[in-house]
Amino acid sequence: MEHLERCAWFLRGTLVRAAVRRYLPWALVASMLAGSLLKELSPLPESYLSNKRNVFNMYFVKMAWAWTFCLLLPFIALTNYHLTGKAGLVLRRLSTLLVGTAIWYVCTSIFSSVEHYTGTCYQSPALEGVRKEHQSKQQCHQEGGFWHGFDISGHSFLLTFCALMIVEEMSVMHELKTDRSHCLHTAITTLVVALGILTFIWVLMFLCTAVYFHNLSQKVFGTLFGLLGWYGTYGYWYLKAFSPGLPPQSCSLNLKQDSYKK
């Protein structure tokens, strides 16, 4: 438990800071551009992380929203109820996960449609020999072909959105004080550590996507969708009265609005 406490203390001192919420979006954009430039001008040698079947990609990134959803659900419920004591407010705040699910579903559907309508089925990865003009990606693969279209980076989108959402929700730790002997303290500490580790994995895999996969325009669009999903909710809609609302803080709504405008 002592090691868990130290890890949680470290994570609270990094991810919970207001500066992290303010500058993380810019850091993600900068790293995406820098990684893409490196990929084009001086590609890194192949590594374990450049293999799409690495453990992080197979068991974490491909289920990124499920991981984020399942850990934020108890975290939001426990921390928000402890701070407010209002079940109605907790349910309202938990609806942020439904909003996030809707954003994930709509954006990935858009990406799939764009790839379908801009794609063509080829006979080889070298894009030689067009098979059929009006064929779906699934049919193309089933017949042994290779589909090539404008593949907006779903990884760039989802990892950006998930990392920023976790950091936003962890801001409640500024206000939270629990009795160390209480089981609630242990539960929240464990969730803080799990969410912190998950955030670092999302950022790491975002960097791997930048330096190993997709082209620049595909990653720009993916990252842009992630940023729009985050800012459209936490930076705009959640500031309104008719919304799931921001994580509970002692400061007023006006101060929160000002922090986003800076």
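1. A residue is called buried when its relative accessible area is under 20%, exposed when it is over 50%, and partly exposed in between (1.4 Å probe, protein chains only). By this rule cysteine 140 is buried, because its relative accessible area is 0%. Cysteine 121 is likewise counted as buried, at 0% relative accessibility.

2. The model is predicted: local features need pLDDT of at least 70, side-chain atom pairs count only at pLDDT 80 or more, and totals for chains, interfaces and linings use all residues. Residues are numbered from 1 along each chain as its sequence is written, and side-chain values use heavy atoms, with hydrogens and water left out.

3. How many disulfides does a search of the whole structure find? The search finds one, a disulfide being a pair of cysteine sulfur atoms within 2.5 Å. Its partners are cysteine 121 and cysteine 140, with sulfur atoms 2.1 Å apart. The link is right-handed, with 80 degrees about the S-S bond. It joins distant parts of the chain, 19 residues apart: cysteine 121 belongs to strand S1 (residues 120-122) and cysteine 140 to helix H6 (residues 137-142). Helices (H or I, at least four residues) and strands (E, at least two) are DSSP runs, numbered from the N terminus.

4. Two further cysteines deserve mention. Cysteine 107 is in no disulfide, and the nearest cysteine sulfur, that of cysteine 162, is 11 Å away. Cysteine 107 is buried, since its relative accessible area is 8%. Cysteine 162 is also in no disulfide, and at 0% relative accessibility it counts as buried.

5. The unreviewed UniProt entry lists residues 58-78, 90-111, 146-167, 188-214 and 220-239 under "transmembrane region"; such annotations may be inferred rather than shown by experiment. In the model, residues 58-78 are 81% helix and 0% strand, with end C-alpha atoms 30 Å apart. Residues 188-214 are 93% helix and 0% strand, and their end C-alpha atoms lie 37 Å apart.

6. Helix H9 (residues 216-236) has 21 residues and should span 30 Å at 1.5 Å a residue; its end C-alpha atoms are 28 Å apart, which agrees. The expected span is 1.5 Å times one less than the number of residues. Among the buried residues of H9 are Gly222, Gly226, Trp230 and Tyr234.

7. Arginine 17 is placed in the loop between helix H1 (2-14) and helix H2 (18-41). Is this residue buried, exposed or partly exposed? Arginine 17 is partly exposed, because its relative accessible area is 48%. Leaving aside neighbours within four places in sequence, arginine 17 is in contact (heavy atoms within 4.5 Å) with Arg12 and His174.
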